[in-house]
Amino acid sequence: MLKFKKTGSVFTSGKEPTVPEGLWIKCEGCGELLYKEDVRQNHYICYKCGKYFRVSTKKRLRMVADKGTYEKWDEGIENRDPLNYPDYQEKTASLKERLRIDEAVTCGRCAIHGEPAVVCVCDGRFLMGSMGYVVGEKITRAVEQATKEQLPVIIFTCSGGARMQEGMVSLMQMAKTSAALKRHSEAGLLYISVLTDPTTGGVTASFAMLGDIILAEPGALVGFAGPRVIEQTIRQKLPEGFQRAEFLLEHGLIDNIVEREDLKETLVKFIVMHRQVEAKEALIPNRRKHAREAGNSKGTERASAWERVQRARAQDRPGALEYIQEIFTDFTELHGDRHFADDGAVVGGIGYLDGCPVTVIGQQKGKTTKENITRNFGMPSPEGYRKALRLMKQAEKFRRPIICFVDTPGAFCGMEAEARGQGEAIARNLFEMSDLTVPVLSIVIGEGGSGGALALAVGNEVWMMENATYTILSPEGFASIMWKDASRAPEAAEQMRVTAEDLKELGIIEKVIPEPQPANSQNVERIAETMQEEIRRFLHRYLPMDGQKLTEQRYERFRNM
């Protein structure tokens, strides 16, 4: 007599379970038998181990598009057979009939919570979602039509790469789809790429990695060469998690990982944030009495330059993220430099001020030892500056003003930073920021250390908090170089004129944000109200200017120093 044990709601014997037709499905992650309806209700995610099931085109569209709104485009394009590959035409015809889809991608227009968008869905069941002529043509036509109709594009990628049965014709689709997306981008339109499992080969090396925003599902395999190809080529065992979505996020290649249940809300949020609207029309002047009073409040008592240095470095001093959360609403952080890593010392993303989308970037220190290690004590590496510049150029494309919060003892000066081009990264920021065609405001909220601070401070205006400092290098470094005695740092701080009051007098900054008491977690809300009101005034002044006037004003600001 067989003994049965209960696993969740499934009874199994000690033998290897078989999967009954229709009602049950086996998870490839944990091996458990799952009730198919429960899996469907759970967005096709294993409710035992959390593994994501690959979903069909129909299921994907049901998750994302408003019911009854999806309109398919360009069905029935003839499948070419440039290599006269044996049985290729028969195979594709059979797949069309069995899967009831036109090809490995379905393209069309739909609404997402009422917002119009062009959505393309790749389907891995059709020859592993490989990209041949028809796939490339359908995506290209969809992007061209989106450009014509001024619509955002969302592509769900799932592919083994170029289609071997079409040889070089398949490879050319990489260039064709990329060229169409370039024209869509130059029209100032949004492209969101959603990477699903698996996305590899020529699709990764073309439209998958070209999004303004690149999202991924948890655990998705994403890479140019697949793991098996790499292992066979280099004869090495790959580490656990290599090429998975989490690996990509850590290495700066994607913006975020989004759970399937949150995906529709996330997509519509980005679509709304990137609407082509006049930002200046969204701003509403704040007429709250306490905000005006805060702006007129007196600052702290007269303190020495060295005391200001100590306050700027204080462990309990609020950082960029605290001011961002207080001043802006619905802030969404974006990650990575798209090349090497996501630098925790630089945070950035998109938020709202009075309904106006704003790109916000800040240098961030930690409060604990663990946070300081993650944030590298607020000292950015080259990838931090490259992430910041990527977000600035994105802001320029979508006509968003840029607000930067500066707080760093200086750029990281380790061997690895030098090897990856620290000097070039800082220089590139200065070069590109000087010519941005959107308003740029930089606020020094703590330490403004040398070129590492300046790389986020090429603004139309630069402000400082009352107890912030902005320096050519640390007072200790100045004393060591000039007097060969680091203990004379307090004297150096006075000589260097590092305080907000000094630098306003020198014409280096335009405004001092008062601190009735040195900034801390108890008064950050009050100080942020003052800062928020001043930012409103800045935007009301600069948003009406055209791009050429903004760049000219910024050029003259630094030209006259």
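1. Let me start with the aromatic residues: Trp463, Phe538 and Tyr542 form one aromatic cluster. Rings of Phe, Tyr and Trp (its six-membered ring) are paired if their centres lie within 6.5 Å, and their planes count as stacked under 30 degrees apart, edge-to-face over 60 and tilted for the rest. Please keep in mind that this is a predicted model, where local features need pLDDT of at least 70, side-chain atom pairs count only at pLDDT 80 or more, and totals for chains, interfaces and linings use all residues. Residues are numbered from 1 along each chain as its sequence is written, and side-chain values use heavy atoms, with hydrogens and water left out.

2. Six aromatic pairs turn up in a search of the whole structure. In one of them, the ring centres of Trp24 and Tyr35 are 5.4 Å apart and the planes are at 55°, so this pair is tilted. The pair links distant parts of the chain, 11 residues apart: Trp24 belongs to strand S3 (residues 24–26) and Tyr35 to strand S4 (residues 33–35). Strands here are DSSP runs (E, at least two residues), as are helices (H or I, at least four), numbered from the N terminus.

3. How exposed are these two? Trp24 is partly exposed, with a relative accessible area of 22%, and Tyr35 is partly exposed too, at 30%. Buried would be under 20% and exposed over 50%, with partly exposed in between (1.4 Å probe, protein chains only).

4. Lys36 is partly exposed, with a relative accessible area of 37%.
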